[in-house]
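The sequence and the model are shown first.

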Amino acid sequence: MLGVIIKRIESPSSRCAAALLVCVSRAALGSSRGYRSAGGGGGGGGGATSYTCSLPGLIDRGVAVSVLDFEIPAAEAVRRFEDYQRKSCIYMHAHNLLGSQPERQDPVPRPGSSGGPGAEPSGATPSSNTNTLTAAYLPYWCFEATFNSEAYAKLGFKDSRTGEMVWKDKADPLQLSTGAVASFDDPAMQVYASYKYVRDVGGGAGGPGLPLRCRAMTHAEARAGNVGGVALHPADMRQGLAWQLAVRALTHNQLQAAEGALREATRSTDLRDVRVALKVLTRHCRLVFLPAYIAVYQYGSRYKQGTSGVIVPQVFTAVVGGTKEGRVVAPEHLCPTKASLSAGGLVGGLGVLAGEVTWTTPFPGLETILPQLGSVEALTLAALAASGAGLWAHQRPQKLRTHHAAKQVRADFEFYKKYDIHETYGSGAATAAAAAADAKPTDGAGGNEEYMLWLWADADWRRWEQDEPWNWDEGERRIWAEELWRKQATRRLQRQRYIERMAAEAQRRAAEEEAEARRERLYGGGARTSSYSSHRPQDHGVGGAEGGGSMDASGRRWRRSDFLGYYRVLGLQDAEAISTDDIKQAFKVQALLLHPDKHVGADVDVQRDALVKFQKLQIAYDTLKDPEKRLLYDRGQLVH
């Protein structure tokens, strides 16, 4: 019906816009074939509708659905988990995390005992004092694609005379691959097709070569929802959404290959702003169910979120691949007792040994600084080392979470910085000025619109995957992913409309300035002035609600930009004129309020939020205290 309506549109431009809108709508809404709505009818508003895959329907339509049988028993999975903890923690691991599991020698798990391979997992909240190891088949959308890829970059060459680095854009893109094939065996093309577990845990069952070893699933197994008594987890992720994640992973692989290829082809000293243009030629897809053992266990305790001082058991989820070469994806658990005993014994033994050995130093006079250690000194050092090692092992999980949060803050900062560099000449009045001067922007300065869209999509999916994975909620992540997918489908259309609007504005301004120049030639400099100064379009990403600003060369006032919220973090968003002393004073005030030492003993979430805000405050201060960086930031730009 939509195709018939489009054919009846006579205007070519309107027909093109309507066709693009239909494509975006189809991509955003997704095909209803092969899916069953879990939320009733259609939905208005902002909520996302849940979809689960209908396996018999997919098989009837000729979609390849396959499954790989278990190759190891539950006892072998427990042994691999213990070996992983032992090696990753250097034999200072917590012992018997999964408890006593029943021995199973048969290669195919059978249902039966509680907490055994046949039981259904209890998710993130197992029963009290119960650790479960559950056999399951995890769903994966596996893709095979042929593609072409080109690499772009800025090349850096070191001047032999001055020693300075000279940067220039690569004139022609480097052809990385033509007709390359990314097969089902590539782990980047295997996407965990559910939201039940964190992405790292859910993707733990995949691996090279596994999809090609699978057998076809029968109709009886698809209707029953289990294979040999082991449940098939539903594939509730859309195929189109999984394809976006696969393309993202494939692009990252191509980026890694592009750096080496560019260095070899150009002999450049350094590279910057490396990016890849990927063009997919063909694509095939199949749904694969891979075997895995899901371990849900308790270790340690934590403060319950949203409460004051309520302590609850800490629950962890791990996965062990159910194949012979299956890998283990699990957090590392250091035992504070083992760490204390190991550090205390090592330091104490070395101290006693040092007391029996005569110090010989090549520097005279140091004999008094390095006295002979007695048993009391050795015991004291051992006690201090044991206490410090135990405290370190106890606080290590929280330190890892803090490091993860800081890493995400830094990744967001790098994204906005990179986006600003590429958007400078592609936004607002800068685009209009370039069009008026009949100058084409370079690829490195915003001319590559596909790269700009990919930057946004990559940052969106990174936040979705990595934002507080310890607070993973299946329903929230599903809604978030669906909203991101629809937003990215419509962003391309919005971006195209914005470019067309800016191009039309640039043409209007060029025509107006040409008419004004013609009037000045006819009537002199006192002729009617241009109305552009009173109707100048607001720059995309440059203007803002904040006050302040300066005068440019033409005498027009531009408003100060705060596109990253640096002035807002310092509490200076409403100030008109800001000096360096004002920035320093504001930093001191905010630092006293947000410093992590002020929140010692508070709730874990409060400490984490304060640390993230303090890191943002430091980044804002490092940028605004430098006059040159501050001037560029006020103009909506950012430098390295």
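This is a predicted model: local features need pLDDT of at least 70, side-chain atom pairs count only at pLDDT 80 or more; totals for chains, interfaces and linings use all residues.

## Terms and basis of the model

Two strands are said to pair if DSSP finds at least two bridges between them. Helices (H or I, at least four residues) and strands (E, at least two) are DSSP runs, numbered from the N terminus.

Residues are numbered from 1 along each chain as its sequence is written, and side-chain values use heavy atoms, with hydrogens and water left out.

## Overall composition

The chain has 640 residues, of which 42% are buried; buried means under 20% relative accessible area, exposed over 50%, and partly exposed in between (1.4 Å probe, protein chains only). Its secondary structure comprises 16 helices and 15 strands.

The accessible surface amounts to about 34,000 Å², and carbon and sulfur atoms contribute 55% of that area. These areas come from the Shrake-Rupley method with a 1.4 Å probe, and for residues only the protein chains shown count as cover. Among contacts (heavy atoms within 4.5 Å) with a separation of 6 or more, 71% are between residues 24 or more positions apart.

## Strand 4 and its partners

Strand 4 spans residues 132-158 and pairs with strand 11 in the antiparallel sense over 24 bridges. Within this pairing, Phe143 stands opposite Cys285, and Leu155 stands opposite Leu271. Strand 4 is mostly covered, since 23 of its 27 residues are buried.

Five bridges join strand 4 to strand 5 (residues 165-169). The two form a hairpin with six residues between them, and Gly163 in the turn has a positive phi of about 80°. Strand 6 (residues 174-182) pairs with strand 4 over six bridges, with Ala151 opposite Leu174. Strand 7 (residues 190-192) pairs with strand 4 over three bridges, and the partner of Trp141 there is Val191.

## Strand 11 and its other neighbours

Which strand runs parallel to strand 11 and is joined to it by three bridges? That strand is strand 3 (residues 65-67), while strand 11 itself covers residues 270-303. In this pairing, Val65 has Leu287 as its bridge partner.

Ala292 is bridged to Gly321 in strand 12.

## Helix packing

Two packed helices are described by the angle between their axes and the distance between the axes. The axes are lines fitted to C-alpha atoms, for helices over the stretch in contact, and angles run from 0 to 180 degrees between N-to-C directions. Angles under 35 degrees count as roughly parallel, over 145 as roughly antiparallel, 65 to 115 as roughly perpendicular and the rest as oblique.

Helix 7 (residues 239-266) packs against helix 12 (residues 474-523) at about 80°, with the axes 11 Å apart; the two are therefore roughly perpendicular. Gly240, Leu241 and Gln244 in helix 7 meet Ala481, Glu482 and Trp485 in helix 12. This contact is made up of three nonpolar, two polar and one charged residue. Ala, Val, Leu, Ile, Met, Phe, Trp, Tyr, Cys and Pro count as nonpolar, Asp, Glu, Lys and Arg as charged, and the others, Gly among them, as polar.

Helix 14 (residues 580-594) and helix 15 (residues 604-624) pack at about 170° with axes 10 Å apart, and are therefore roughly antiparallel. The contact includes Ile583, Phe587 and Leu594 of helix 14, together with Phe614, Leu617 and Tyr621 of helix 15. Its residues divide into nine nonpolar, two polar and two charged.

## Individual residues

Arg267 is not a glycine, yet has a positive phi of about 55°; Arg267 lies in the loop between helix 7 and strand 11 and is exposed, with a relative accessible area of 67%. Asp273, likewise not a glycine, has a positive phi of about 55°. Asp273 belongs to strand 11 and is buried, at 11% relative accessible area.

Asp634 lies in helix 16 (residues 627-634) and is buried, with a relative accessible area of 10%. Asp634 and Leu624 are 10 residues apart in sequence and 9.3 Å apart in space, C-alpha to C-alpha.
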